[in-house]
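This briefing goes through one protein structure, topic by topic. Keep the sequence and the 3D view open while reading.

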Amino acid sequence: MNVGTKMVRRFYAEKKKGFDVEARNLLREIRENLGIRGLKQLRVINRYDVGNIDGAFFETVKQGILSEPNLDLVHDERIDLSGAVFAFGVEYLPGQYDQRADSAAQCIKLAGGDAETLVRCAKWIVIDGNLSEADKKAIKKYCINPVDSREASPEKPAALRMDAPEPRPVETIAGFRGMDERALRGLIERMGFAMGCADLKFVRDHFYATEHRDPTVTELRVIDTYWSDHCRHTTFLTALSEIEFEDGDFADMIREAFDAYLELRRAVYGPNAERDRDVSLMDLATIGAKYLKKQGKLEDLDESDEINACSIRVKARVWDAEADAGPEPPGGNDAREEDWLVMFKNETHNHPTEIEPFGGAATCLGGAIRDPLSGRAYVYQAMRVTGSGDPRASAGDTLPGKLSQYQITKGAAKGYSSYGNQVGLATGFVDEIYHEGYVAKRMEIGAVIGAAPADCVRRGQPAPGDVILIVGGRTGRDGLGGATGSSKVHNEESIFTAGAEVQKGNPPVERNIQRLFRRREVARLIKKCNDFGAGGVSVAIGELAASIDVDLDKIPKKYEGLDGTELAISES
């Protein structure tokens, strides 16, 4: 049967009393954080719309896949809202990845459903109590984050497939080569570039003198992405020419540390270091390792052209699994030594977690995993260090245009643990610092460690004719501009305008890649690998070789309608 000939079927699944943990927690949160004491009861109900499925199979799916008879109450087509004073639905914005809907569709297909079966989900909040209009507005604002969600319509759609208009041809920025400073500033504001005016002047001059043409929107977006702090570390690489030290309790200590840095520079770069090498924050951060290497104290450092995680070589003691399957733990002299690579990586997701706590913290961990994973290492342990304002502060004290500290703290903890649990990653150290300085911007750091047998990691140079594979989830609009977004100055409107910059992770897919790369015969096929992170395919593939052709039409998509620019820079 063709797609669209089967009706959309709807049902609601609600946890029975005693199992309604989510509803009880949300009731408590609203009472405590919003101070709405008139709230008496609250129900959370998951709504499923399933398209392209026949009636008999839908009944099987409803009872056996999308609900559990011992835990859930099932409502067909409608829910009884009699007695409720207030009810509203929450759903992801179009184009945002919905893991519940995606997982439900996959389960239906595995159970024998049509390959074109589609699922769309929403969450309904049903409330009873003595509420004012101001209370209702506050509750909606608390439950709906405009960065990634919207209020759901109660109407059932006739079809679930998104209508996607044919993408328009990529625009050329006519007259770019002749733009003066005022026009360039207007272009920066109109297109939301992370580049400053001086940066864009440099690009303009290049296209004028070298390219002899105006650039396309895609070219400027890709340059803006590469230019960002996330990809190029622009701020850290900025040359520091005038350095002053403010008076204070730690002034002498800071001056001594800086003088020690200058001495290390001379030892590493030679007596003309001040003339030949810029002083920068990046040099400050890396000079210690450079000095140790020059002293011959980094013999275990693993160096290559790959720019993934920090990698060292170690001798690992390995026991034969079958020989040591007895009641006694392995030990003694039965172990053999093998060469292994141990990889470390940390990821900061301060801005994404600030505006979308669950997804920001989840992809903080997912992004950290990606780097050693692209180094073919199996990531097995993590730690999390975060900084927050006081989560007990009243919601009324929240800064304009921001989420409350409670929402950010709780949402981030849920996002990080959700991702880690689905990947199967143990986090042995968790520490959250509470300080008023983090009210302006949260700190979210995820750090991981992984390992792989050294003979499983082959490193070669790309050559003409090599095949490039993109392995993972499909690309969508969630994650557009994530690299440049981390380089921008944000304001009260950011929470409403920066939603697409927060990518949505897919932990089951990343878990599958982890297990795929553990297979030696797979890992040994890989000559060079890069993680698909900030900057999307333009950076992930662009960093593999000095020159490369990319056919954007071959990128697997979540849905149609993505234009060339979106395909080039989306992180998802």
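**Aromatic pairs**

There are 7 aromatic pairs in this structure. The model is a predicted one.

- F11 and Y48 make up a stacked aromatic pair, with ring centres 5.2 Å apart and 10° between the planes.
- This pair connects distant parts of the chain, since F11 belongs to strand β1 and Y48 to strand β2, 37 residues apart.
- F11 counts as buried because its relative accessibility is 0%.
- Y48 has a relative accessibility of 5%, so Y48 counts as buried too.
- F176 and F207 form an edge-to-face pair: the centres are 6.4 Å apart and the planes make an angle of 90°.
- Here too the pair links distant parts of the chain, with F176 in the loop between β6 (149-152) and α5 (181-191) and F207 in helix α6, 31 residues apart.
- F176 is buried because its relative accessible area is 0%, below the cut-off of 20%.
- F207 also counts as buried, at 4% relative accessibility.
- F11, Y48 and F58 belong to one aromatic cluster.

**Strand β1 and its partners**

- β1 pairs with strand β2 (residues 39-51) in the antiparallel sense, over 6 bridges.
- In this pairing, A13 is placed opposite N46 of β2.
- β1 is also joined to strand β3 (residues 72-76) by 5 bridges, and these two strands run antiparallel.
- K15 faces D72 of β3.

**Helix α2**

- Helix α2 spans residues 55-64, and F57, F58, V61 and K62 are buried in it.
- Viewed down the axis of α2, the buried residues lie within an arc of 140°, so they line one face of the helix.
- What do the buried residues of α2 pack against? They pack against β1, β2, β3 and α3 (99-110).

**V203 in helix α6**

- V203 sits in helix α6, which runs over residues 197-211.
- Is V203 buried or exposed? V203 is buried, because its relative accessible area is 4% and the cut-off for buried is under 20%.
- Leaving out residues up to four places away in sequence, V203 touches F176, M195, L220, I223 and W227.
- One of these, F176, also takes part in the edge-to-face pair with F207.
- V203 and D224 are 21 residues apart in sequence, and their C-alpha atoms are 9.9 Å apart in space.

**Charged ends over rings**

- R277 lies over the face of Y269, 4.1 Å from the ring centre.
- R518 has its charged end over the ring of Y378, at 4.2 Å from the centre of that ring.

**Positive phi angles**

- Most residues other than glycine have a negative phi.
- H212 is not a glycine, yet its phi is positive, at about 55°.
- H212 is located in the loop between α6 and α7 (217-227).
- The relative accessibility of H212 is 55%, so H212 counts as exposed.
- R376 is another residue other than glycine with a positive phi, near 70°.
- R376 lies in the loop between α14 (357-374) and β9 (378-388).
- R376 counts as buried because its relative accessibility is 3%.

**Confidence in the model**

- The protein has a mean pLDDT of 88, and 92% of its residues reach 70 or more.
- Over residues 1-5 the pLDDT stays under 50, and the model gives this stretch 7 contacts beyond four places in sequence.
- Residues 482-499 have a pLDDT below 50, and the model has 40 contacts for them beyond near neighbours in sequence.

Technical notes: Residues are numbered from 1 along each chain as its sequence is written. This is a predicted model: local features need pLDDT of at least 70, side-chain atom pairs count only at pLDDT 80 or more; totals for chains, interfaces and linings use all residues. Side-chain values use heavy atoms; hydrogens and water are left out. Helices (H or I, at least four residues) and strands (E, at least two) are DSSP runs, numbered from the N terminus. Buried means under 20% relative accessible area, exposed over 50%, partly exposed in between (1.4 Å probe, protein chains only). Contact means heavy atoms within 4.5 Å. Two strands pair if DSSP finds at least two bridges between them. Rings of Phe, Tyr and Trp (its six-membered ring) pair if their centres lie within 6.5 Å; planes under 30 degrees apart count as stacked, over 60 as edge-to-face and the rest as tilted. A charge sits over a ring if NZ of Lys or CZ of Arg is within 6 Å of the ring centre and within 35 degrees of the ring normal. pLDDT is the predictor's confidence in each residue, from 0 to 100. The arc is that of the directions from the helix axis to the C-beta atoms.
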